[in-house]
Structure formats: structure tokens, C-alpha cells
Amino acid sequence: MAYEILVLDIDGTLTNSQKQISDKTYRSIMAIQERGHKVVLASGRPTPGILPLAEKLKLSEYDGYILSFNGAKVMNCRNGEIIFQQVLNRDYIPLLHTTAVENKVGLLSYEGDCVITDSEIDQYIEIESRINGIPVKQVDDFVSYIQFDINKCLMTGEPDILKRIEPELKAKLKGELNIYRSEPYFIEIMPRNIDKAYSLGKLLDYLNLSKEQMISCGDGFNDISMIEYAGMGVAMANAQEVVKNKADYITLSNDEDGVAHVIEAFML
């Protein structure tokens with residue numbers, strides 16, 4: 001069966017170590033779009049942090065899609081239609097906030113084009129702000145401030161501390177929220193059952209395509225679900241070992257045009 005849809009994680013996959021799309025990768029992506037293939041950018045980033053790359057790749061012209069917040073929101077780039085969305089149960093925010101305060105780590109979410117937090121701004125909150133090109137807005141009281149729908153929270157801190165917190169949070173929440181690390185210094189806190197694979201299933205239903213027609217490329221823990229789900233799951237050479245072990249194919253690294261290599265091998 002021919003591959004019709006290419007799903008790309010962003011950081012460590014689509015972009016190189018300088019957070020840029022190389023010329024070779026850009027040309028390869030544009031070539032498959034010209035042939036009618038669909039491209040999806042699937043990231044833990046908030047939607048505003050993905051839009052500049054979607055614009056560079058002209059996804060609005062080629063019927064591309066954005067899967068943001070690790071799958072909590074799926075958007076049609078052509079018309080801005082929200083195809084699927086799930087929001088975080090705000091009843092759990094006090095528990096998350098208390099956990100962050102007690103462990104002296106950061107907790108943030110998103111409002112419009114801003115990162116919002118009442119935590120002390122650490123280097124990891126700064127990383128999240130810089131990656132997405134959106135400013136940090138400090139609020140007085142995170143818990144009382146969030147009186148609107150949010151798609152996810154992000155806990156930030158030293159990797160050793162987050163490694164300890166992650167299983168503790170999972171035990172406290174008993175599956176009510178989806179919790180995992182996307183980077184050693186980030187814990188993603190998502191609506192229940194939400195991950196990239198689940199939301200891609202919703203998108204495939206919308207497009208009337210099957211998972212066998214999909215290639216998914218990624219490098220991080222939060223990419224495992226979509227790598228296992230896709231007809232062809234691809235891990236980057238720079239991926240975590242556990243990610244590589246789940247993949248059907250291992251391509252070159254993000255600094256060696258690994259995405260372009262997959263396109264040339266399987267879609268052109």
C-alpha cells in the first residue's frame with residue numbers, strides 16, 4: 001500500500017540542532033506535497049509554536065494539518081478548523097500546583113500566544129518560551145487564574161527530580177490524566193488517554209485514510225505511540241534507545257536530513 005500521509009515530530013526530527021528546517025528537508029517535503037501527499041506536524045508544542053513552521057512549509061496551501069499539545073488539538077491549516085480537541089480537567093490543577101511547589105519545580109500552561117506560570121522562571125521555562133517563540137506571562141496565582149479551557153500543563157525541572165516525580169504523579173492520579181516526559185526536563189500532563197496516536201486516529205477518520213498509509217517520524221518518548229501506530233514507524237538516529245526499539249525503520253539523524261532520507265526512500 002502506498003504511503004499517503006507523513007507525520008513529523010518537530011524538535012529533534014523535522015528541525016536540526018539549530019531548530020531549523022534544512023534546505024534538503026524543506027525541498028523533500030515540498031516535493032511530496034506537490035504530489036498530493038498530506039503532511040502533519042505533530043508536536044508537544046502549543047499551536048502558536050508550530051504555526052511559523054507550518055507557514056514555512058505552506059501547509060495551508062497543501063491541506064496540511066497541525067497536531068499540537070501532544071494530540072490534545074488537531075487543526076486543519078487551510079481553514080483553521082479544529083478537527084479534534086480535548087481539554088484538561090481543571091479539577092486536578094491544585095494537585096499539580098502543590099506537587100510543583102513542594103518539589104521546587106516549575107508548572108506552566110498556555111493562554112493565547114503566551115506561556116503562563118506563577119513559578120520562578122527557570123532555564124527550562126525559558127527553553128519552552130524560546131522554542132515556541134512566545135513570551136512568558138507571570139501570574140499571581142496559577143490555580144485561581146486558570147478559569148478557561150487548557151489543553152495541557154507542563155512541569156519543568158532538573159531531570160533527576162522529574163524522574164522521581166513522574167511515577168509519584170501517576171500513582172496519585174490513577175490514570176485520570178496522561179503523564180509522561182517528552183524531554184528529561186519536561187513532564188507532559190495531558191487529558192486522559194490523549195497521545196499522538198489517539199489523535200492521529202481521529203485525523204485519519206476525518207481524511208478517510210488508514211494507518212497503513214501513514215509514516216510517522218519521531219525521536220522522543222512522546223513519539224512512541226505514533227511510531228507504534230503508523231503503518232511505518234520511523235525513529236531518528238538521534239532518538240532515545242527505547243524509541244528506536246519501537247520503530248520499523250531507523251533513519252539518519254535530524255542533523256543529517258533524516259526526514260528527507262525517509263521521503264526519498266518511501267514516498268518519492
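Trainee: What are the residue classes in the lining of the largest pocket?

Mentor: That lining divides into 3 nonpolar, 7 polar and 9 charged residues. Ala, Val, Leu, Ile, Met, Phe, Trp, Tyr, Cys and Pro count as nonpolar, Asp, Glu, Lys and Arg as charged, and the others, Gly among them, as polar. Bear in mind that this is a predicted model, where local features need pLDDT of at least 70 and side-chain atom pairs pLDDT 80 or more, while totals for chains, interfaces and linings use all residues. Numbering runs from 1 along each chain as its sequence is written, and side-chain values use heavy atoms, with hydrogens and water left out.

Trainee: Which residues lie nearest the centre of the largest pocket, and what makes a residue part of a lining?

Mentor: Nearest the centre are D11, S182, E183, F186 and N222, out of 19 lining residues. Helix 4 (123-132), strand 10 (177-183) and strand 11 (186-191) each give two or more residues to the lining. A lining residue has an atom within 4 Å of a grid point, on a 1 Å grid over the protein atoms alone. A pocket is an open set of points with protein on both sides within 12 Å along at least five of seven lines. Helices (H or I, at least four residues) and strands (E, at least two) are DSSP runs, numbered from the N terminus.

Trainee: How much space lies in the largest pocket?

Mentor: About 260 Å³. A volume is the space filled by probe spheres set on the points, which are joined across faces, edges and corners.

Trainee: And what lines the second largest pocket?

Mentor: There, 16 residues do the lining, with F69, K73, Y110, G112 and N151 nearest the centre. Helix 2 (47-56) and strand 6 (106-111) each supply two or more residues, and strand 6 has the largest share, 3 residues. The space is about 160 Å³, and the lining splits into 7 nonpolar, 5 polar and 4 charged.

Trainee: The axes of helix 3 (residues 93-102) and helix 6 (residues 159-173) come within 12 Å and cross at roughly 150°. Why is helix 3 called roughly antiparallel to helix 6?

Mentor: Angles over 145 degrees count as roughly antiparallel, under 35 as roughly parallel, 65 to 115 as roughly perpendicular and the rest as oblique. Angles run from 0 to 180 degrees between N-to-C directions, with axes fitted to C-alpha atoms over the stretch in contact. The crossing is at roughly 150°, so helix 3 is roughly antiparallel to helix 6.

Trainee: Which residues make the contact between helix 3 and helix 6?

Mentor: L95, L96 and T99 of helix 3 meet I165, L169, K172 and L173 of helix 6, contact meaning heavy atoms within 4.5 Å. By class that is 5 nonpolar, 1 polar and 1 charged.

Trainee: How do helix 1 and helix 10 pack?

Mentor: Helix 1 (residues 23-34) and helix 10 (residues 258-266) pack at about 35°, axes 8 Å apart. K24, T25, S28, I29 and I32 of helix 1 touch V259, A260, I263 and E264 of helix 10.

Notes
1 Å grid on protein atoms, 1.4 Å probe; cavity = no way out; pocket = protein on both sides within 12 Å on 5 of 7 lines; lining within 4 Å.
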